[in-house]
Amino acid sequence: MPVHLIDAADGRVLGTLTDEQFRQLADALEEESLDDRDYYLNVDTIDMLEEQGVDAGLIALLRKALGDRDEMDVSWQEI
């Protein structure tokens with residue numbers, strides 16, 4: 001189930017995640033409910049994911065998406 005990772009602020013597609021990348025992201029980050037389709041990210045969160053050994057391509061995508069912002073929300077959509 002590949003998914004698009006989306007910038008929740010403007011709806012821009014940030015990239016496409018493989019099944020494995022999405023599983024790593026979902027396993028590492030908190031979902032508030034079964035219907036929750038968004039995640040909060042900041043530099044510390046991305047650093048934590050990297051320390052946990054999350055896919056390097058996913059880390060690069062998240063760092064590029066965050067850019068010079070302090071934080072962001074991302075959502076996901078199955079494709």
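Figure 1. Aspartate 27 is exposed, with a relative accessible area of 56% (exposed means over 50%, buried under 20%, partly exposed in between, using a 1.4 Å probe and protein chains only). The model is predicted, so local features need pLDDT of at least 70 and side-chain atom pairs pLDDT 80 or more, while totals for chains, interfaces and linings use all residues. Residues are numbered from 1 along each chain as its sequence is written, and side-chain values use heavy atoms, without hydrogens and water. The side chain of aspartate 27 forms a salt bridge with that of arginine 23 (2.8 Å, N to O); the term means a side-chain nitrogen of Lys or Arg within 4 Å of a carboxyl oxygen of Asp or Glu. Arginine 23 is partly exposed at 39% relative accessibility.

**Figure 2. Salt bridges of aspartate 7.** Aspartate 7 counts as buried, at 2% relative accessibility. Its side chain meets that of arginine 12 at 3.4 Å (N to O) and that of arginine 69 at 3.0 Å (N to O). Arginine 69 is in the loop between α3 (56–66) and β4, and aspartate 7 is in strand β1 (residues 3–7), 62 residues apart. Arginine 12 is partly exposed at 41%, as is arginine 69 at 28%. Asp7, Asp10, Arg12 and Arg69 are linked in a network of salt bridges.

Terms used: Helices (H or I, at least four residues) and strands (E, at least two) are DSSP runs, numbered from the N terminus.
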